[in-house]
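Subject: Two-chain model, handover and notes

Hello,

I am passing the model on to you.

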Amino acid sequence: MTVELFLEQLVNGIQLGTMLFLMSAGLTLTFGVMNFLNLAHGSFYMLGAFFAAIMAAWTGNFLFAVILAIICTLLVGGLLDLVILRRLYSRSHLDQVLATFGLLLAFNDLVILVWGREPLFVAIPPLLSGAIEILPGNSYPLYRLVITAAGLMTALLIWLLIARTRLGMLIRAGASNREMVSALGVNIAILFSVVFGLGAAAAGFAGAMIGPLVAVQTGMGDEILIIAFVVVVVGGISSVQGTLAASLAIGIVDTMGRFLLPKVFGFTVGPALASMAIYVLMAVVLLTRPRVSAPARAH
Amino acid sequence: MTRSLASKTAVGLFLLALAIVPLIGNSYQTRLATVALVYGIGAIGLNLLVGYGGMISFGHAAFFGIGGYTAAMLGLAGLSSVVVTVPCALFASGIAALGIGALSLRMTGAYFIMITLAFAQMLFYGSVAITKFGGDEGVATPRGHLLGLDLHNGTAFYYLVFAVALSTVYLSHRIVASRFGRVLRAINDNEHRAISFGYNAYVYKLVAFAIAGGIAGLGGSLMAHLNEYVAPSLFHWVLSGEFLVLVILGGMGTVLGPLLGAILFVLLQEILSAYTTYWMLILGLILLTIVMSSSKGVILLLKRATGDSRA
């Protein structure tokens, strides 16, 4: 095993971590601000990938396709919030889980109905294809590097938005005391829509960017949703930095596990064990964290 | 008084209908009913958790899968008697639930949902790693026998499952009515109050979680015998979601609810998939509609429908 290979896997891990952050940012925000657990959040990731794939084939311009995909997932998210989901914000978690589980099943079948059962493949845009030499004699795919950078920049933007703007201040205030924010004259319904739409758009952006690297197909958002849940459990909902740190840690552990464990356990058992690594990490975090008792307030 | 008489009559008719399924139905319908009852058994434990303990586990398939794989493991080792496999599956799943529950119950609410989902996913990958059992392709297992009775006969298998289902319903009824069940409900109502009365809420919830896991393992082992096959799909998170749907569909917090829910679910699936390949789309929308149309949530809706005055 060479140092170069190790570094390459590290960058891959950071790339997965940034994608996870784009997914879990929406989850933590809607969970923190609206106390809403959304199982259909992975559907936005899937829809983003499908929108980008269709638009790229249609317009021939990938950048344009990604922008359109973000706008489309934003619209779908906004519409869902307006028509269905906002009535769930005050409901029990059981209701939320069941309703969004239903939505997720519906979305997974809907994309088959609209775009067919065959997975779509998106070409890497010519400008970003090829590889660049990072270290002498060692090249890395340019596209992966670009989406990692784009992901990190979006993460920075989200952090700036939450930590430095007036909207971010309202979101943080909403997360710590919803009633108080609304009593101070903030239109909480609009705030919820904005938060939900932003989360959906971030997930859609991640899906759109990952499109050229994977097969765009139904159910592609499910697995990453569950990993995003692990991020939320490990990172907590207290801060954007916590979510970012947990995303990167889990991205790196997962990628490194996939790289190192097969070397130890062989290529049949190793990958499956690698898939378990992040959950073991979650178990360790749970063990070391103080036990949280039920909130005093019934809901 | 009339209400309790009416509900007793309804329960009697329901059980009678289940008892005569193989006599009036063909072998396909009997198999369908067997599948429904096996899922129903799996969901009985979840009903204890969700309906009485207020613990929303989204990882119930984990224990169903462990039960199935335990039965398969014993079957491949030459032990295919259900007298051996089923209790072993129950025990193995219960132990696993004790471990996963001990970690998951450190958190509550939405975190608990996410953690149980994540641990089930971990076991899903774990089952893929068992190359001896075919990895992600699964492995064939024996149908098994009961004290010399060959279970390849669909009717015999149905009555075995029916007997297990009845015993499990009775067990869950006894648990709910016991002191343990009352404390569990008290914790669900108000955990802080129960703690201040001196009950160790964590331990009570953990024991309930282990019992629920054991019962799911029971269902899983029967599923392995029924299909003569196990695969990682037994651990799949969609199955965990479907278990929750069965519990809600049948009326949460009633001991017979999971069986009723499973029958409704299997029937719905059967009818929808006969008309369209996009039945998941319809099912998802039906689920969404059920939740959205109950203004105060499914818990109250169903408790009212089942005449539960405690709601």
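Predicted model: local features only at pLDDT ≥ 70, side-chain atom pairs only at ≥ 80, totals over all residues.

Residues are numbered from 1 along each chain as its sequence is written, and chains are lettered from A and ligands numbered from 1 in the order in which they are written.

The chains

Chain A has ten helices and two strands; helices (H or I, at least four residues) and strands (E, at least two) are DSSP runs, numbered from the N terminus. The order along the sequence is α-α-α-α-β-β-α-α-α-α-α-α. The radius of gyration of chain A is 20 Å, close to the 19 Å that the globule rule gives for 299 residues, so chain A is as compact as a globular protein of that length. That radius is taken over C-alpha atoms, and the rule is 2.2 Å times the number of residues to the power 0.38. Of the 299 residues of chain A, 49% are buried. A residue is buried if 20 or more other C-beta atoms, placed from the backbone, lie within 10 Å of its own, exposed if 12 or fewer, and partly exposed in between.

Chain B contains 14 helices and four strands. Its radius of gyration is 19 Å, close to the 19 Å from the globule rule for 311 residues, so chain B too is as compact as a globular protein of its length. Of the 311 residues of chain B, 53% count as buried. The C-alpha trace of chain B spans about 50 × 45 × 40 Å along its principal axes.

Between the chains

In all, 43 residues of chain A are in contact with 44 residues of chain B, a contact being two C-beta atoms, placed from the backbone, within 7 Å. On the chain A side, helices H4 (93–115), H9 (220–235) and H10 (240–288) each supply at least two residues. The largest share, 15 residues, comes from H4(A).

The core

The largest nonpolar core has 203 residues, and those with the most contacts inside it are A:Ala52, A:Val230 and B:Ala118. Such a core is a set of buried Ala, Val, Leu, Ile, Met, Phe, Trp, Tyr and Cys residues joined through C-beta atoms within 7 Å. Helix H6 (residues 109–129) of chain B gives the largest share of this core, 16 residues. Beyond its neighbours within four places in sequence, B:Ala118 is in contact with residues including A:Phe229, A:Val230 and A:Met282.

Helix H8 of chain B

In H8 (residues 179–189) of chain B, B:Leu184, B:Ile187 and B:Asn188 are buried. Seen down the axis of H8(B), the buried residues fall within an arc of 100 degrees, so they line one face of the helix; the arc is that of the directions from the helix axis to the C-beta atoms. These buried residues pack against H3 (27–52), H9 (191–196) and H10 (201–227) of chain B. The face of H8(B) turned away from the buried side carries the exposed residues B:Arg179, B:Arg182 and B:Asp189.

Two loop residues

A:Asn35 has a positive phi, near 55 degrees, and sits in the loop between H1 (3–34) and H2 (41–59) of chain A. B:Glu228 has a positive phi near 55 degrees and lies in the loop between H10 and strand S4 (229–230) of chain B.

Regards
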